[in-house]
Amino acid sequence: AVDAVKNHSAPLSNGKGAFSASLGEWGVFACMYFAKRVDVMRKAQSERRWIREHVGMIEGKRMCVVGYGDIGAHVASRAKAMGMHVDAVRRSPEKTSANDSSVERVVSFAEINDAVKDADYVVVALPATPETEKMINADVLRSMKPSSVLINVGRGSTVDEDALVDALRDKTIAGAALDVFAVEPLPSNHAFYGMENVLISFHCADLTADYHDLALDCFIENATNVVKGQPLTHVVDKALGY
């Protein structure tokens, strides 16, 4: 079916932008979850223990957004508003607007290892394509700081999950916040479920009450374009896959 769509002459559009605001919020929330040590607080609360723990701040911290499309840009703008420094990695850095004040540096996929090495938070917002398959691999994870956190709001196929499990177990990175997975639903015996340094959100970071309305808005916009004889918006490059 995918090849049939890819090879068909009809244009294909997507719902770009429909869920970017929610995912942008979730990306920053995941940073704050680890910085504010929410897991420690909740555990103490459940045990009825009063604790005094140091918490961190995300202001002044560095984020690297891997995959700087609409979702990545929404994460970046919110992170910048919280006082974070933001770098980005994207397939075509030249597509970044000169007026984009959210990012300080934008580099190509080939420079990803260097881009993540100083990041406190690495946010993955990549589409699922042959080029991005397991782009976040053992080499990339080894390039990250031991205190850094990986956050994935893109597609599960873009992360080598075996390598990520190893990195989390060996504490070569501090944690991971994952909304998407290579296999969904995530099998109940997967290692992620039992890891204290992993936050799982079950691919529902964008599942807001108006989820279907937002998707329908995209359809109505392009249906209107067809009726009026106007060009479609958010046309997919079938060769690239997004």
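Trainee: Quick one to start, what is a salt bridge?
Mentor: A salt bridge is a side-chain nitrogen of Lys or Arg that lies within 4 Å of a carboxyl oxygen of Asp or Glu. Please keep in mind throughout that this is a predicted model.

Trainee: And how far apart are N and O in the salt bridge of Lys43 and Glu47?
Mentor: The side chains of Lys43 and Glu47 meet at 2.7 Å, N to O, in a salt bridge. Lys43 is partly exposed, with a relative accessible area of 45%, and Glu47 is also partly exposed, with a value of 38%.

Trainee: How many salt bridges does the count come to?
Mentor: The count by this rule is 11 salt bridges. Another of them joins Arg37 to Glu53, where the closest N and O atoms are 2.8 Å apart.

Trainee: Which parts does the pair of Arg37 and Glu53 tie together?
Mentor: Arg37 sits in the loop between α2 and α3, whereas Glu53 sits in the loop between α3 and β1 (62-66), so the pair ties together parts that are 16 residues apart in sequence. Arg37 counts as partly exposed at 30% relative accessibility, and Glu53 counts as partly exposed at 36%.

Trainee: What about the backbone, what is the phi of Arg37?
Mentor: Arg37 has a positive phi of about 55°, although it is not a glycine. Lys134 likewise is not a glycine and has a positive phi, in its case about 50°. Lys134 is found in the loop between β4 (121-124) and α6, and with a relative accessible area of 41% it is partly exposed.

Trainee: Which peptide bond is cis?
Mentor: The peptide bond that runs from Glu184 to Pro185 is cis, with omega near -5°. Pro185 belongs to the loop between β6 (175-178) and β7 (198-200).

Trainee: Back to charges for a second, which residues are linked in a network of salt bridges?
Mentor: Arg105, Asp114, Lys117 and Asp118 are linked in such a network. One of its pairs is Lys117 with Asp114, whose side chains meet at 3.9 Å, N to O, a distance that still counts because the cut-off is 4 Å. Lys117 is partly exposed at 38% relative accessibility, and Asp114 is partly exposed with a relative accessible area of 38%.

Trainee: Changing topic, how much space lies in the largest pocket?
Mentor: The largest pocket holds about 1,400 Å³ of space. Its lining is made of 50 residues, and those nearest its centre are Asn14, Lys16, Pro127, Gly241 and Tyr242.

Trainee: Which helix gives the largest share of that lining?
Mentor: The largest share of the lining of the largest pocket comes from α4, with 4 residues. At least two residues each are supplied by α1 (2-7), α2 (20-35) and α4 (70-81). By class, the lining of the largest pocket divides into 22 nonpolar, 15 polar and 13 charged residues.

Trainee: And how much space lies in the second largest pocket?
Mentor: The second largest pocket has about 310 Å³ of space. It is lined by 15 residues, and the closest to its centre are Phe34, Ala35, Ser147, Val149 and Ala174. Here α2 gives the largest share of the lining, 3 residues, while α2 and α3 (38-46) each supply at least two. The lining of the second largest pocket has 8 nonpolar, 3 polar and 4 charged residues.

Trainee: I was also looking at Ser148, is it buried or exposed?
Mentor: Ser148 is buried, because its relative accessible area is 0%, and buried means under 20%. Ser148 lies in the loop between α6 (138-143) and β5 (149-152). The C-alpha atoms of Ser148 and Arg62 are separated by 9.7 Å, although the two residues are 86 apart along the chain.

Trainee: Why does Ile220 count as partly exposed?
Mentor: Ile220 counts as partly exposed because its relative accessible area is 43%, and that class runs between the 20% limit for buried and the 50% limit for exposed.

Technical notes. Residues numbered from 1 in each chain as written. Predicted model: local features only at pLDDT ≥ 70, side-chain atom pairs only at ≥ 80, totals over all residues. Heavy atoms only, no water. Buried < 20%, exposed > 50% of the residue type's maximum accessible area, 1.4 Å probe, protein only. 1 Å grid on protein atoms, 1.4 Å probe; cavity = no way out; pocket = protein on both sides within 12 Å on 5 of 7 lines; lining within 4 Å. Points joined across faces, edges and corners; volume = space filled by probe spheres on them. Nonpolar A, V, L, I, M, F, W, Y, C, P; charged D, E, K, R; others polar.
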